[in-house]
Amino acid sequence: MNTDTDMQAPLSINGQRLWQSLMDLARVGATEKGGNCRLALTDLDRQGRDLVAGWMREAGLEVSVDQIGNVFGRREGRDPSRPAVCTGSHIDTQPTGGRFDGCFGVMAGLEVMRTLRERGIQTDSALELAIWTNEEGSRFVPFMMGSAVYCGKLPLEQALATADSEGKRVGDELRRIGYAGDRPVGQRSFGHYLEAHIEQGPILEAEDTVIGAVTGSLGMYWYEVVVTGMEAHAGPTPMPLRRDALYAATFIMQEVVRIALDHAPHGRGTVGSVQVHPGSPNVIPGAVTFTVDIRHEDAARLAGMNARFHEIVRAVASGERTGHEMRVQVRQTAYFPPTPFAPALVEAVRGQARARGYSAMDIVTGAGHDAVHIAGIVPTAMIFVPCKDGISHNEIEDADPKHLEAGANVLLGAMTQLAGIAP
């Protein structure tokens, strides 16, 4: 039974237990530099899933697995007519990933469930904890696969048939590791979704702020660009007669960055991967393949950035920039529109931070998260906490235990606010 003192103090999670759970999970696929390599649907992913699913059962959750391998743990509420409140994230990692990306969101959700069980608190709405399959996309493309299938943005059959670089398919690997569930995708429905996460950027730390109330995500365009010229000997070929593919490509690459700078502070422009053919020191490049990533939180500004990118592509192809016509092929590989999160849920995050005395600020996420997919079907928000030096997707990724505890406490407060604590 709750005492008057209990009711006056904000309900809080066990920060030490949260940290220990994160460290225990980090031992599965630990790397020499202190990070993690736990790629989706590998044996190490199975070990991580088994460990966390076991903890979920110990916390009194009913665990189920759907056909794309998403794992759900349910804590029933008093009123079955009310939709569930869900939280979660992922536990797969990058090849040289850290201990907190995704894992913090799952462990924070687990800690919410443990705390409510220990305190004997029942909510009106059911609570759900989700582990989404293949968020990182390191082994199987596209990334955020499990949540995409759940939301109907990716057909289940297409996802199951997706193969890695060795030709191994998602469906076969799910069966091999024992996580090809029998529950139809989307059967475990919910009415609200909250996701706790490290920021994966430097803003909160730079502002000395503990909680980021995430108002939405940047929209993004991804492209693969191939510029084709003519390889020739670097010595005998005069400069005016060259059709240098790399020289031409650099005009596009520089413009990608310039476009983003002209749309500050939320514009982003990145050329992340470049391959030069034939790649010899004394051969003029004949072909260059590179990726382009353009992002902004505002749909109109993102559209403007995208239009300007295509203008520079046309200018390079016509020879306007180099003096020689070039073949430029552009293939769009992904598009995500800017996604605003639910104002009521964002305000719940702000309010819980204020009530607990944590510094907080509004922030947008520039990274892809499962929450971005989920926001398309139910009201969604995210809770950010700082990570050291803003570094993520790196083995040295780190976070302050007190910040992680604060984020989990805000998650606990927001979830119980939405779900209603039974008298």
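Predicted model: local features only at pLDDT ≥ 70, side-chain atom pairs only at ≥ 80, totals over all residues.
Side-chain values use heavy atoms, with hydrogens and water left out. Helices (H or I, at least four residues) and strands (E, at least two) are DSSP runs, numbered from the N terminus.

Helix α2 covers residues 15-26. From its first C-alpha to its last, α2 reaches 17 Å, close to the 16 Å expected for its 12 residues; the expected span is 1.5 Å times one less than the number of residues. Of the 12 residues of α2, 9 are buried, so this helix is largely enclosed by the rest of the structure. Buried means under 20% relative accessible area, exposed over 50%, and partly exposed in between (1.4 Å probe, protein chains only). Among the buried residues of α2 are Arg-17, Leu-18, Leu-22 and Asp-24. The buried residues of α2 pack against α3 (43-58), α4 (103-119) and α13 (401-419).

The axes of α3 and α4 come within 10 Å and cross at roughly 20 degrees. Axes are lines fitted to C-alpha atoms, for helices over the stretch in contact, and angles run from 0 to 180 degrees between N-to-C directions. Angles under 35 degrees count as roughly parallel, over 145 as roughly antiparallel, 65 to 115 as roughly perpendicular and the rest as oblique. The helices α3 and α4 are therefore roughly parallel to each other. In this contact (heavy atoms within 4.5 Å), Val-52, Trp-55, Met-56 and Glu-58 of α3 meet Val-106, Met-107, Leu-110, Arg-114 and Arg-117 of α4. The residues of the α3 and α4 contact divide into 6 nonpolar, no polar and 3 charged. Here Ala, Val, Leu, Ile, Met, Phe, Trp, Tyr, Cys and Pro count as nonpolar, Asp, Glu, Lys and Arg as charged, and the others, Gly among them, as polar.

Between α4 and α13 the angle is about 60 degrees, with the axes 9 Å apart. This pair is therefore oblique. On the α4 side, the residues in contact include Phe-104, Ala-108 and Val-112, and on the α13 side they include Leu-404, Leu-411 and Met-415. The contact of α4 with α13 has 9 nonpolar residues, 4 polar and no charged.

Gly-212 is buried, with a relative accessible area of 0%. Its C-alpha atom is separated by 5.7 Å from that of Asp-362, 150 residues apart along the chain. Leaving out residues up to four places away in sequence, Gly-212 touches Leu-204, Met-361, Ile-363, Met-382, Ile-383 and Phe-384.

The last pair is α9 (residues 245-261) and α10 (residues 299-318), which pack at an angle of about 160 degrees with their axes 10 Å apart. They are therefore roughly antiparallel to each other. Contact residues include Phe-251, Ile-252 and Glu-255 of α9, and Met-305, Arg-308 and Phe-309 of α10. The residues of this contact divide into 11 nonpolar, no polar and 3 charged. Buried residues of α10 include Leu-302, Met-305, Phe-309 and Ile-312. What covers the buried residues of α10 includes α9 and the strands β7 (219-228), β8 (268-270), β10 (287-296) and β11 (327-336).

Key. Residues numbered from 1 in each chain as written.
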